[in-house]
Amino acid sequence: MEIYEMNLRQLIEAREKGELTSEEIIDGFIDRMNNVEADVKGFVSRLENSSGAEIKEIGDLRGIPIAVKDNMATLDFPTSCSSKLLEGYTTPYEGTAVKKLKEAGAVIAGKTNMDEFAMGSSTENSGFMTSRNPWNLDHLPGGSSGGSAAVVAAGEVPAALGSDTGGSIRQPAAFSGLVGLKPTYGSVSRYGLVAFASSLDQIGPLTRNVKDAALMLNILAGKDQMDSTSADVEHPDYLAEIEQDISGFRFGVPKGYLELELHPDVKARVEEAIERIKENGGEVVEVELPPADQALAIYYIIAPAEASSNLARFDGVRYGQRLGDGDIEEMYQKTRNEGFGSEVKRRIMLGTYALSAGYQDELYKKALKVRTLIRDQYKAVFEEVDFIITPTCPTPAFKMGEERDPLETYLTDIFTVPANITGSPAISLPAGFSEDGLPVGVQLIGSAFSEKRLLQAANSLENILDIDNPVQL
Amino acid sequence: MTTNYEIIIGLEVHLQLNTESKLFCGCSTKFGEEPNANTCPVCLGMPGTLPVINERAVEYALMACRATDCKINQYNKFDRKNYYYPDLPKGYQISQFDLPIGFDGAVTIETEDGYKDIGLTRIHLEEDAGKLIHAGSVADSDHSLVDFNRGGVPLIEIVSEPDLRTPAEAKAYLDALKQIMLYLGISDCNMEEGSLRCDANVSIRPEGQEEFGVKVEVKNMNSFKAVENALSYEVERQKKMLENGDVISQETRSWDDTSNKTVLMRGKEEADDYRYFPEPDLMPLEISDQWIKETDDNLPELPLAKKERFIEDYELPEYDAEVLTDDFKLANLFEETVGNYSNPKEVSNWLMGEFLKLLNEEGISPDESNITGNNLASLLKLIDDGTISSKIAKDVFEEMFNTGKEPEAIVEEKGLTQISDEDKLVEIINNILDENQDVVEEIQSGNERPVGFLVGQVMKETRGKANPQLANKLIREEVAKR
Ligand SMILES: [Zn+2]
C-alpha cells in the first residue's frame, strides 16, 4: 500500500511499528500532492517540498500532513478565505484548532480552496479557482470546504479541517466519498476561524473513515479561554469504546423527508442504509420534525444577517486589499465592490436587509423565534430516538459549469442546515454510489454533546455498509 | 412682552472604567503610550478573533449602577452596533442595546432650592473606538492615521433623563456624577485624557407649552466649565431664534472653545440605522442576586451620605462637611485623624487650612502627601499639651507634609520644644527687665500695654519657644516683685 493510500490510524500504526518514519510520511504525501494537485486544485497554498515542513518529535500526528481550510488563521500560510479581498494576507496569530493540530505533531500541509468566505456549496464561488472532485474531474467536490474534501479524497493528505455553517463539511464529504463531522456548537473552539455566521459556524474534520474522525475530534475538542462560546464540558476519549453493535441504537427517520425532491440514487442508497440497520438489529422509527424547508428559510436570514456584520471589518483600512485613492467612502466602496464576489455580496445584501430598521422584526427577530421552536422540537425527538438519519444532500456531486439558480443551490443544504440551527452534532458518511459512480452520503444527527455515541453509531453503520472507498486518481 | 422659556437638558456621559485591561482582550489600558502599542489581534478586530469579557469591567459597571440606584437587568447581553468608520476595526461596536446592565436610576444634585433627583434612563457597557489623527489639517491632509490604543477600552454610557433645567444644574449633575465615580474608584473621570466625555441634548419651550422644543445635540465639550458655557450659549441662541420667529432645526453642533460658540457639525440626516442584533460571539451576561447583593454590601459610603454624617456625627458646619467630603481621600484623612484625636473641628480647621493650602501649592491630591491621620493627630496633641506653640506647629506640619517624619521627631531634632520651665524663663525675663528699666517703670505706674512688648522680647530671645501664656504671667509677677 502506498503511503498516500493510508488513513490516519494506519499511518500512526506504521510509524509506531517502525515501518515508516515521520520524514517518509511527509515525503510520501508531498510527492502525491506534486503528482495530482494540478488536476485536483484543492490547495490555494501548500508545502511543495518537505524542507519547508517542521517535523516535531512528539505527538500522535507527528510527520502527518493535515490540510486546513483557507478560513482558519495560520502563521505558515496566508489566510485569504479564497477571497481576492484577502489575497496574500497572513494573520499575526494562529487559531486554536490549528495550534492543537500542531501540538499533536501534525504538519500543516497547506490551505484549501473554498467558496469565498465559506458562502457556497461547490467552490465555484472561490475568488481564485474551482476545485475538482477526484471521483470525476468533471464534477465538483462540493463546498464550501470543497478543497479540504478534494485533497483528502485524492490522498494528498489523510485528513483536513473544514468549517460547517450550514453543511459545509458534510456536503463536500458526501460528494467526495468521505466522512465529515460537524461537532456540537461550542465543542471545538472557533478562535481563529474567520467568521461567516458566528452562531452557526463550527470547525470539524474530513477524514477517510469514522475512527479517524474520532481521532481528530480527540485532538480538537475542548474549552478555549479565547472563545467564550466554547463549552466547558468533559470530552471523553472518542476512540475508546467506538466499536459498538448497531442494535444498541435507535434511529429516527423524519416523516416526509424521503418524499422530498431527491435524486433517485440518493434515495435508494439511504433507504438501503436504513434496511441494513434494521437487518442488523438496529431500531428505526418514524419521527415528526418541523418541515425541512423551515430551518432552511430561517438559515437564509440568520446566516446572512451575521455575515453582513462579520464581513464589515474587510474595509481596506488595516489589511488585505485596499482600492481607491479618493475619500474614505470611495475606498470602502471600491475595496468591497471589487474584493468580494457576487455570492458574498448577495448574502451581505440579504443580511443587511434582514437587519435593517423596518424589517428586523418581521425577518430577523421572527427567525430567532422560529430557531427556538425548532430547537425545542429536535430536543423532543431526541427523547424518543438516539439519532436522526437523513440523506446528507438531495443529489450527488454537481457537474462543473452547470447553470444553477442560487435559490435551487440553497436547497441543497436542506438536510444539513438543521444541525447548525440547533447546534447539534452531525456526521456524514459514505452510503454507496450513484449509477454514475459518484459518492452518496448518509447523515446522522445527534443531540448536543452526544458525539461519543454519534461516532459509535456512525462507526457501526460504516462497518455494516462496508463500502469500498479507495483513494481516487 | 418677553416670553419665559423652559430649558430642557439631557446628558449622555461616557466614562472610561479604570480596569487594567481592555473590555474584550488582555491589552493594557494605560494612557499616553506610543500609538498602537496597546493592541492585539482581538482589539484590532483581526479576522477570526473573538472577544472575551473582562469580568472586572462588569463588576465596575455594576457598582456604577447600584451607586446611582439603577435597577439591574439580571439577564443582559451585548449587541452589535453596526457602522463604518476607520477607527472602528470590526465595522461594529460591541455595546448594549435593548437590555442595558442598569436602568431607571437617579443622581441627587444640590440646587439653590435644595436637593433634586436627576433620573438616569440607563447605564450600559460598551467598548471604545480608536482615534483618528489627521496628517496636517482635516481639510488639506491627504491621509489620516489611526491609533487603536483606545479601541476596546471599557466604557459605560450614562444617559440621563431630560431632567436638567439650567446649565448650572447640568454642571452640578456632572460634578455629582464624577464625585460618585471617584468615590467608587472605577474611573478617573479625567476629561482631558478622554476618560469622561459628555454630549448634551438641549431644547427650550415657552413656559406652559406641553410639547418639547426641537432638540439640538451639542458635542466636543472638554471641561465641566465648557459644558456649562456651551449650554448657556446654546440656550441663548435658541431663544434668539424663537424670538426672531426662526425655526430651530434638529442638528448636531460642536462647542468651539476659542470662539465660545456652538457651531454646526451636521444637520438632520436620515435616521441612523445601526442594525443592532445580539452579539453571537459572547454569552449573555447573567447577574445573580448574590452578585448584586455583594456589590451593594461593598459599595463605599457615597458623597452626600458622608457629608450628612459628618455634620451629624462630628457636629461640623455644613461648609466644613462639604469641603472635607468633596474628595473621599480628604474625608478619609479626616476620619483617620479624628479616630486618634477627639476635636473634629480642630482637625477640620487644619485640613481645610494648612493642608489644602500646601496641596494647592504642590498641585497634588490628598493621598499624595505624607500626612497621615496618625501623625496629624500626634501634632495636634503636641499643641494641646503645650509642647509646641500653634505657630511652631505650622512649621512642623509643613515638614511632616514634605518628609513624612513624625512630629515628635521633628520637634526633637530641631529643638522646638516650648520652654515651660519656670526657673529658666524667670532668668530670661529678669535679664530682659534689667535691660528695659523704663518699660518696667511704666508698667509699675499702671500701664499694662508694654507687657505685650516684653512678651515679644521673650519670644524673640527664645526664638519662639517660650510658652507665651506662661511668659505673660511670669513677667507680671517679676515686675511686681521689683
Ligand atoms: Zn487587545
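The model is predicted, so local features need pLDDT of at least 70 and side-chain atom pairs count only at pLDDT 80 or more, whereas totals for chains, interfaces and linings use all residues. Residues are numbered from 1 along each chain as its sequence is written, chains are lettered from A and ligands numbered from 1 in the order in which they are written, and side-chain values use heavy atoms, with hydrogens and water left out.

**Zinc site**

The zinc ion is held by the SG atoms of Cys25(B), Cys27(B), Cys40(B) and Cys43(B), at 2.2 to 2.4 Å. Donors are N, O and S atoms within 2.8 Å of the metal (3.2 Å for Na, K and Ca); water is not among the atoms, so sites may look incomplete. Along the chain, the donors of the zinc ion follow the spacing C-x1-C-x12-C-x2-C. The arrangement is tetrahedral because the four donor atoms subtend angles of 98 to 115 degrees, the criterion for four donors being that all angles lie between 85 and 135 degrees. The ideal angle for four tetrahedral donors is 109.5 degrees. Cys25(B) counts as buried at 12% relative accessibility, and Cys27(B) counts as buried at 9%. Buried means under 20% relative accessible area, exposed over 50%, and partly exposed in between (1.4 Å probe, protein chains only).

**Helix packing**

Helices (H or I, at least four residues) and strands (E, at least two) are DSSP runs, numbered from the N terminus. In helix α6 (residues 318-326) of chain B, the buried residues include Asp320(B), Val323(B) and Leu324(B). The buried residues of α6(B) pack against α2 (167-184), α5 (303-314), α7 (328-340) and α8 (344-362) of chain B.

The axes of α6(B) and α7(B) come within 5 Å and cross at roughly 115 degrees; axes are lines fitted to C-alpha atoms, for helices over the stretch in contact, and angles run from 0 to 180 degrees between N-to-C directions. The two helices, α6(B) and α7(B), are therefore roughly perpendicular to each other, a class that covers 65 to 115 degrees. In this contact (heavy atoms within 4.5 Å), Val323(B), Leu324(B), Thr325(B) and Asp326(B) meet Phe328(B), Leu330(B), Ala331(B) and Phe334(B). These residues divide into six nonpolar, one polar and one charged. Ala, Val, Leu, Ile, Met, Phe, Trp, Tyr, Cys and Pro count as nonpolar, Asp, Glu, Lys and Arg as charged, and the others, Gly among them, as polar.

In chain A, helix α7 (residues 264-279) and helix α14 (residues 451-465) pack at an angle of about 100 degrees, with their axes 10 Å apart. That makes α7(A) roughly perpendicular to α14(A). Ala273(A), Arg276(A) and Ile277(A) of α7(A) form the contact with Leu461(A), Ile464(A) and Leu465(A) of α14(A).

The peptide bond from Gly143(A) to Ser144(A) is cis, with omega near 0 degrees. Positive phi occurs at Phe449(A), which is not a glycine, and at Cys189(B), likewise not a glycine. Phe449(A) is partly exposed, with a relative accessible area of 37%, whereas Cys189(B) counts as buried at 3%.

The table lists C-alpha separations.

| Pair | Separation along the chain | C-alpha distance |
|---|---|---|
| Asn472(B) and Val455(B) | 17 residues | 6.0 Å |
| Ser365(B) and Leu330(B) | 35 residues | 8.6 Å |

Asn472(B) is found in helix α15 (residues 468-481) of chain B. Ser365(B) lies in the loop between α8 and α9 (373-384) of chain B.

Conventions: Tetrahedral: all angles 85-135°; square planar, octahedral: opposite > 155°, others 65-115°. Parallel < 35°, antiparallel > 145°, perpendicular 65-115°, else oblique.
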